[in-house]
Amino acid sequence: MKNIFLSLVAIFLFALFLKFEYHLNLLYFHWTIEFIVLLLAIVLIVLFASKLSKWMASLRYKPVIETVISLLLLVFFLHELFTPYFYQEDYLSKVGLEKIEKYNQLTNSDLTTQEREKLSKEAVVKEMAVSFSITGYYPRFDLLENVRVIDFSRRFNQYELVIEGNHPEQETTRTLQYTFAKEGMGFKIIGFADLN
């Protein structure tokens, strides 16, 4: 039980490091520096796990505490790996349509740069928002009317919505696919495609 507990704690800390590692991107001038930072993180995580093991050896209910914490960490990993499966399809579709609407507002020429950046941070994942901000290019699909979800699918920690709507001027039907991933406390667009 001790080895399982320490392994789960180490994996949890490493996953946290990878999640917030983008804050260190300014240090990565070369791949060797990135490798050194990664190696240093692993060493610190192993040292922390060994100190935690020594500290827990003095606790009276050590096996119970290790078991409970291990179960909680397993639930955390399951949630991170299969996030969309923890939510109802209706909720995910509603959130997805809200993000699509915000994404479509990005092409509004009346928006200031700050408003556009705020909207992009709310609608798309961090990497896409930064890319849009740097290039000033916001890919755009024509606004659709009578939008409806025609397909919904979950895949590990992402889900996809295929929507269909009528083009107001051309009187045609368009089909678009959006992929969403969990970022922070919600879901955001990570990819999109025109299926026409």
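In this predicted model, Phe76 is partly exposed, with a relative accessible area of 29%. Phe12 also counts as partly exposed, at 23% relative accessibility.

By the distance rule for ring centres, the count comes to 12 aromatic pairs. Phe12 and Phe76 form an edge-to-face pair, because their planes stand at 80 degrees, with the ring centres 5.1 Å apart. Phe12 belongs to helix H1 (residues 2–20) and Phe76 to helix H3, so this pair ties together parts that are 64 residues apart in sequence. The rings of Phe152 and Tyr159 are tilted, since their planes lie at 40 degrees and their centres 5.6 Å apart. Phe152 and Tyr159 are both buried. The geometry of these two pairs is set out below.

| Ring pair | Centre distance | Plane angle | Class |
|---|---|---|---|
| Phe12 and Phe76 | 5.1 Å | 80 degrees | edge-to-face |
| Phe152 and Tyr159 | 5.6 Å | 40 degrees | tilted |

Phe152 and Tyr159 also belong to a cluster linked by ring pairs, together with Tyr87, Tyr91, Tyr103, Tyr178, Phe180, Phe187 and Phe192.

Helix H3, which carries Phe76, spans residues 62–81. Its 20 residues reach 28 Å from the first C-alpha to the last, close to the 28 Å expected at 1.5 Å a residue. The buried residues of H3 are Lys62, Glu66, Ser70, Leu73 and Phe77. These residues lie on the same side of H3 because they cover an arc of only 65 degrees around the axis. On the other side of H3, the residues Val64, Leu71, Leu72 and Val75 are exposed.

Conventions:
Residues numbered from 1 in each chain as written. Predicted model: local features only at pLDDT ≥ 70, side-chain atom pairs only at ≥ 80, totals over all residues. Heavy atoms only, no water. Helix = DSSP H or I, 4+ residues; strand = E, 2+ residues; numbered from the N terminus. Expected span 1.5 Å × (residues − 1). Buried < 20%, exposed > 50% of the residue type's maximum accessible area, 1.4 Å probe, protein only. Arc of directions from axis to C-beta. Phe/Tyr/Trp six-rings, centres within 6.5 Å; stacked < 30°, edge-to-face > 60°.
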